[in-house]
Every structure is written in structure tokens, then in C-alpha cells.
Amino acid sequence: MKAFVVEKYGKDGARAAEVPEPTVGDRDVLVKVSAASINPLDKMIRNGEFKQLIKHKLPFVLGHDVAGVVTRVGSAVHGLKVGDEVYARPRDLRIGGFAEFIAIDMDDVAPKPASLTLHEAAAVPLVALAAWQILVDKAHVKPGQKVLIHAGAGGLGSTVIQLAKHLGATVATTTDTDTEKLARSLGADIVVDYTKEDFSKSLSGYDLVLDSLGGANLEKSLTVLKPGGLAISVVGPPDARFAKQLGAPSFLGLVMNVLSRKVRKQARALGVRYQFFFMQANGSQLRKIGALYDSGKLRPVIDSTFPFDQTLKAMAHVEQGRTKAGKVVVSMVPDND
Ligand SMILES: NC(=O)c1ccc[n+]([C@@H]2O[C@H](COP(=O)([O-])OP(=O)(O)OC[C@H]3O[C@@H](n4cnc5c(N)ncnc54)[C@H](OP(=O)(O)O)[C@@H]3O)[C@@H](O)[C@H]2O)c1
């Protein structure tokens, strides 16, 4: 089958290749991929940024988000059958959505939301799972709470805004001038144009900040929290919890605690909290999230679509910051849905 594989770590490490179809384990479903979407994580994995923690065996197929049709099921699979239209963010070490077929553990897969095309559904899993795990599992966001979501026009931010509104929060976000209107249409109550204004001068008393930029943005984010408030960063620095989540040796937990020492100290001094977050595959959460798409509470934001054979171009589009808003999808059948 055709696939995009990482042969060696680095900027030029991914290429189109002919590879064997994946083997299907007892718990796996084989999915004929209709569409996949690009995440900044694809570039990071290709560059080897996580190679000490997520130990892929080279070469491997890249791609963290897929939607497609089940063509085979393993002997232990239940709840999914041949012909089902599904979507998934396969677990770490079992990625491989930039291919004609992918075998996915049944626990990572869910029926695609009925109201979305396969093309639209491919834009959803990673960012929507991250949104759910941040707002529901970690921060337990309640109606009336104040939430600041940075980079509201991004694939992640555009999804988190919508879920935070659905949970009843008052939502502030940061965007550039061109995407302010989009952020408001997604439900943001306050939009700070980061090209004109410093959010930390106008916002205060927040229960939660989601940082996806890091560095100075994260440090300033701590100052807009109310006492006891929580800053979650999806870009780091990582903390020991992340090493534990990945089952990494305990010394890596210590290393990560050192990496995040400065920001944790700053947070303590301000009487607020800091946590790093890295999303996890979860098919049962994707089922719940799917219902929110079907009821119109959430909608995918798609920037552009590339044909499958231009997957590397699609990755470059995201990597070079050329998206206007939302996700980039690669489609096996561009005109079919
Ligand atoms: N840890 C996790 O589980 C997890 C999960 C999902 C994503 N992430 C990370 O989160 C980051 C964002 O992911 P994504 O999928 O949303 O990427 P994306 O679709 O490329 O979006 C990035 C967004 O950031 C905006 N931006 C750039 N500079 C900004 C600033 N100073 N203030 C506000 N917005 C700014 C960009 O808008 P402009 O057009 O204005 O530049 C763009 O809309 C990536 O680093 C990704 O790896 C982590």
C-alpha cells in the first residue's frame, strides 16, 4: 500500500513509500483510510523530538488522525464491524494514518459522528480528545468559570473554545486580526488581538488558561489566573506526570521536573498551579464527543484539503504557519464526500 513513512529523524526524514499492509491483531480493526489530518505532532515525531519517550522502530508510517471504513476485524473485536465508518486518534506507537490502511486497537476507535463526512471527521480526533481531556478530565470546568484559550484560530484552540462554551464557561481567546470574527462565531466572549494588545494587561481573575505557545506567553498567562487557578500548557515544559503517563523511567520524571522547575516556582509565587498536558487515545471519549458534533454543539474548522499524494505539502503548510484557521485534511477521495 501507499504510505508516508519516517525513514530517519529530521526535517527531510519523511517520504512516500510502498509498504506492506498492516497486520491485524485480535483486538484490531483494519481501516481503509478515507481522510487523515495533519497535527503539529506529526512534525515533532518526524523530527525525533519525542524519540527518547515514544520509541518508534524506523521506518514507521506517520499520521495521528484518521477517518475511514472498517474492512476487517480481529477475533476479539466487539462493537465494531466491517463496513462501519469510524474515526480515531490511534495510540502512540500505533500511529500511521498517512496510508491507505491502518490497523487500530478497537479501544481507540469510535463510529464517526453521523452528521460529519469522513473528510470532516478526520479533522476531529486529536484536537477534540485534547479539548475533552483538558476541560473535563483535568480542569473540571464548571458553568460560570472563566477560561482563557490561547491561539483560538488553531486546530486545537478552535475546538477548545467550542467545548468550553458548551460546558458553560466564559471564554476569552487570543487571535490575530483576521481570525477574530471566527473566534467569536465559535463562541468566544472576549477576543484579544495578539498583534495589537497584550492579553495580560486586560484579562484577570481566570480559573483556567490553556497555553499552546509556551515561553513568555505561558509566564504571562500565570498572571491572569485567580488564586488557585490552573495553567495548562500543551507545549511544555513537561513535568514528572508526563513521564509517568508514558511509563518512562523515573529519572526522566526527575529531568522533566527540572525542566519545569522555573515555571512551577513562578506559579507557586503567584498562588496558582501549573500542569503540562499530553493527550491520549480514547475511543469511548470519541463516542461522547461525536454526540456533541451530531447535536451541533461542536463543528470542525477546516483550513484546507490536500490530496493524499501531497501529504508532505500538507505537513509543510501547517509547519510553515500558512493555515488561516483550523485543520488541514488530506483526502484519499477529494471529491467523494
Ligand atoms: N500536548 C498535547 O496533547 C497537544 C494537543 C494538541 C496540540 N498541541 C500543541 O498545541 C499547539 C497548537 O496546535 P494546533 O493544532 O492548534 O496548531 P495550529 O493549527 O497550527 O494552530 C496554531 C495557531 O497558533 C496561532 N498563533 C501563533 N502565534 C500566536 C500568538 N502569539 N497568540 C495567539 N495565537 C497565536 C496561529 O495563528 P496565526 O495565524 O495568527 O499565526 C494558529 O492559529 C502545537 O504546538 C501542538 O503541538 C499539543
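This is a predicted model: local features need pLDDT of at least 70, side-chain atom pairs count only at pLDDT 80 or more; totals for chains, interfaces and linings use all residues.
Let me begin with helix α3, residues 125-138, and helix α11, residues 283-294, whose axes come within 10 Å and cross at roughly 100°; the axes are lines fitted to C-alpha atoms, for helices over the stretch in contact, and angles run from 0 to 180 degrees between N-to-C directions. That makes α3 roughly perpendicular to α11, where angles of 65 to 115 degrees count as roughly perpendicular, under 35 as roughly parallel, over 145 as roughly antiparallel and the rest as oblique. On the α3 side the contact is made by Pro125, Ala128, Leu129, Trp132, Gln133 and Asp137, and on the α11 side by Gln285, Leu286, Lys288, Ile289, Leu292 and Tyr293, contact meaning heavy atoms within 4.5 Å. By class, this contact has eight nonpolar, two polar and two charged residues, with Ala, Val, Leu, Ile, Met, Phe, Trp, Tyr, Cys and Pro counted as nonpolar, Asp, Glu, Lys and Arg as charged, and the others, Gly among them, as polar.

Residues are numbered from 1 along each chain as its sequence is written, and side-chain values use heavy atoms, with hydrogens and water left out. Helices (H or I, at least four residues) and strands (E, at least two) are DSSP runs, numbered from the N terminus.

The other helix pair is α1, residues 40-47, and α12, residues 311-319, which pack at an angle of about 105° with their axes 9 Å apart, and are therefore roughly perpendicular to each other. By class, their contact has three nonpolar, no polar and four charged residues.

Now to histidine 150, which is found in the loop between β9 (146-149) and α4 (155-166). Histidine 150 is buried, with a relative accessible area of 1%, where buried means under 20%, exposed over 50% and partly exposed in between, using a 1.4 Å probe and protein chains only. Its side chain makes a polar contact with the side chain of serine 221, at 2.9 Å; a polar contact is a pair of N or O atoms within 3.5 Å, and within protein one must be able to donate a hydrogen and the other to accept it, residues adjacent in sequence counting only if both atoms are side-chain atoms.

Finally, the ligand is surrounded by 19 residues, the closest being Gly155, Leu156, Tyr194, Phe277 and Met279, where a residue is near if one of its heavy atoms lies within 4 Å. An oxygen atom of the ligand lies 2.5 Å from a polar side-chain atom of tyrosine 194.
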